[in-house]
Amino acid sequence: MARTLFGGALSAVIPLNAKDISELRQIPDNQEVFAHSQTDQSIIIELLEYQSQVQDAEAARYHFEDVAASNKAVENGSWEVRGLEQLSQSELSMQECSSAWLLSGAQLVSKFNEEAKNTVNIHLCLFRLPQYTTDILVTFNDPVCINPLSSSAVGNVAATPWTLQDFQGVLQSFCLLDPGVFG
């Protein structure tokens with residue numbers, strides 16, 4: 001079942017076991033953040049300023065590098081882009097976007113302990129909406145290796161993690177209900 005986002009302006013099917021992080025802590029108005037209830041996986045949906053200075057595929061890289069900077073994964077070798085592809089409009093509910101790009105990569109990220117860096121696969125989808133001067137970024141953070149010193153090292157081994165298919169379900173079901181959200 002689709003969940004409404006940003007006060008009902010957008011919606012998407014969010015995977016099972018998702019916890020709305022805004023129930024636990026303050027989240028910026030331009031973000032919706034969901035975390036798996038038993039793993040360290042998360043899905044973040046952000047409304048961002050349209051980056052007109054970079055074209056489509058390069059805009060996906062631009063936002064990935066921005067995420068790397070936010071994650072303090074800026075040193076050489078602490079992040080990599082593994083793949084970048086344009087998504088077919090026919091597979092998306094978000095028909096208002098001029099293009100959609102899926103970038104797959106990895107980053108070395110520390111949550112609270114700078115010494116305990118975790119390898120995180122990052123799958124990022126960029127929906128470009130130049131008519132609303134907005135880029136929508138949907139990011140799936142999927143830790144693959146958790147450092148034993150990390151606060152996340154003690155996890156539920158029996159938990160069923162989200163899959164790339166779950167993330168693709170989010171992207172395919174993602175739709176705009178009220179363009180007034182863009183101002």
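This is a dialogue on how to read a predicted model.

Colleague: Which strands form the open sheet of 3 strands, and in what order?

Modeller: Strands of a sheet pair through backbone hydrogen bonds, either parallel or antiparallel. Two strands pair here if DSSP finds at least two bridges between them. The open sheet has the order E1-E2-E10, with antiparallel pairing. E1 and E10 are the edge strands, each with a single partner, so one side of each has no neighbour in the sheet. Helix H2 packs on this sheet and touches E2 and E10, its direction making about 150° with that of E2. For that angle, axes are lines fitted to C-alpha atoms, for helices over the stretch in contact, and angles run from 0 to 180 degrees between N-to-C directions.

Colleague: Which residues stand opposite each other in these pairs?

Modeller: Strand E1 (residues 2-5) pairs with E2 over 4 bridges, in the antiparallel sense. Ala2 is opposite Val13 of E2, and Thr4 has Ser11 of E2 as its bridge partner. E2 also pairs with strand E10 (residues 175-176), antiparallel, over 2 bridges; there Ser11 is bridged to Cys175.

Colleague: Where do residues other than glycine take a positive phi?

Modeller: Phe6 is one of them, with phi near 50°. Phe6 lies in the loop between E1 and E2, a hairpin with 4 residues between the strands. Buried means under 20% relative accessible area, exposed over 50%, and partly exposed in between (1.4 Å probe, protein chains only). At 12%, Phe6 is buried. Thr133 is another, with a positive phi of about 45°, and is placed in the loop between E8 and E9. Thr133 counts as exposed, at 54% relative accessibility.

Colleague: What percentage of the 183 residues counts as buried, and which residues have the most contacts inside the largest nonpolar core?

Modeller: Of the 183 residues, 46% count as buried. A nonpolar core is a set of buried Ala, Val, Leu, Ile, Met, Phe, Trp, Tyr and Cys residues joined through side-chain atoms within 4.5 Å. The largest one has 30 residues, and Ile45, Met94, Phe127, Ile136, Val138 and Phe174 have the most contacts inside it. Elements that give two or more residues to this core include strand E5 (42-49), strand E8 (117-129) and helix H2 (164-173). Another core, of 15 residues, lies apart from it, with Ala60, Val67, Trp101 and Val120 among its members.

Colleague: What is Phe174 in contact with, and where is its place?

Modeller: Contact means heavy atoms within 4.5 Å. Phe174 sits in the loop between H2 and E10 and is buried, with a relative accessible area of 0%. Leaving aside neighbours within four places in sequence, its contacts include Leu5, Ser11, Ile45, Met94 and Phe127. Phe174 and Ile14 are 160 residues apart in sequence, and their C-alpha atoms are 9.4 Å apart. For the whole protein, 59% of the contacts between residues at least 6 apart in sequence join residues at least 24 apart.

Colleague: How many disulfides does the structure hold?

Modeller: A disulfide is a covalent bond between the sulfur atoms of two cysteines. The criterion is a pair of cysteine sulfur atoms within 2.5 Å, and the structure holds 0. For Cys97, the nearest cysteine sulfur is that of Cys125, 7.8 Å away. Cys97 is buried at 4% relative accessibility, and Cys125 is buried at 0%.

Notes: Residues numbered from 1 in each chain as written. Predicted model: local features only at pLDDT ≥ 70, side-chain atom pairs only at ≥ 80, totals over all residues. Heavy atoms only, no water.
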